[in-house]
Amino acid sequence: MPPRRRGASGFRGVRVRPSGRFYAEIRVGGFRLTLGTYNTPELAARAYDAAAWRFRRPRRDMNFPDVESLEEAEFLAPPPCLVDDEDRRRHRQVQRRIAIAEHDEQLMRQWRAQFPNDVDNTDAFFAILRAQRRSNRRHRRAVANFELENPNTTWTEDDPRWDDIWTETTSDDD
């Protein structure tokens, strides 16, 4: 039987994830045993070799045949990633939030397709609201500039309305 083909990583039992990390797995008796995800293909290959030693695989099935014993393979392999109940709870919580957000986006797409006038009305409402806010800022700034130039101003020196002079309105004018 010819040797198994090695994947894009160059190592037996190691695959490249879309994220750029490397995933190690070994097949045992028709089952696939996950060994974890690693930053480099060498670490994933070392984890594969340690598992291959535990399952008494021949050396030709290993990525690093120079390793002499199970102890040496386990010493060179990265420590296993331990997953506890807190990790599982946090993962379930994140997955629920993602599912809710995806469902909300799907409902919004359906709503936009079904009620395009509402989308136009919403856009118009917020455009009017932005224009009103811009106008109010300009008015407050003009009043503050007038008070600054007026020698008989009634504003005290620590009046927060003086801050309106420094309010930036040029970015909203576009």
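**Figure 1. A salt bridge joins the side chains of R15 and E25.** In this pair, nitrogen and oxygen lie 2.9 Å apart; a salt bridge is defined as a side-chain nitrogen of Lys or Arg within 4 Å of a carboxyl oxygen of Asp or Glu. The pair links distant parts of the chain, since R15 belongs to strand β1 (residues 14-16) and E25 to strand β2 (residues 22-28), 10 residues apart. Strands (E, at least two residues) and helices (H or I, at least four) are DSSP runs, numbered from the N terminus. R15 is partly exposed at 41% relative accessibility, whereas E25 is buried at 6%. Here, buried means under 20% relative accessible area, exposed means over 50%, and partly exposed lies in between, computed with a 1.4 Å probe on protein chains only. The structure is a predicted model, in which local features need pLDDT of at least 70 and side-chain atom pairs count only at pLDDT 80 or more, while totals for chains, interfaces and linings use all residues. Residues are numbered from 1 along each chain as its sequence is written, and side-chain values use heavy atoms, with hydrogens and water left out.

Figure 2. Side chains of opposite charge can pair when their charged atoms come close. R88 is partly exposed at 41% relative accessibility, and D85 is exposed at 61%. E86 is partly exposed at 34%, as is R90 at 41%. Elsewhere, salt bridges that share partners join R15, E25 and R32 into one network. The structure holds eight salt bridges.

**Figure 3. F11 and F64 form one of two aromatic pairs in the structure.** Their ring centres are 5.6 Å apart and their planes meet at 40°, so the pair is tilted. Rings of Phe, Tyr and Trp (its six-membered ring) count as a pair if their centres lie within 6.5 Å; planes under 30 degrees apart are stacked, those over 60 are edge-to-face, and the rest are tilted. F11 lies in the segment before β1 and F64 in the loop between α1 (41-54) and α2 (70-76), so the pair ties together parts that are 53 residues apart in sequence. F11 is buried at 14% relative accessibility, and F64 is buried at 16%.

**Figure 4. R46 lies over the face of F64, and R17 lies over the face of Y23.** R46 is placed 3.8 Å from the ring centre of F64. R17 is placed 4.0 Å from the ring centre of Y23. A charge sits over a ring if NZ of Lys or CZ of Arg is within 6 Å of the ring centre and within 35 degrees of the ring normal.

**Figure 5. Helix α4 spans residues 116-149.** This helix has 34 residues and reaches 50 Å from its first C-alpha to its last, close to the expected 50 Å. The expected span is 1.5 Å times one less than the number of residues. R137, A144 and E147 are buried in α4. N145 also lies in this helix and is partly exposed at 28% relative accessibility.
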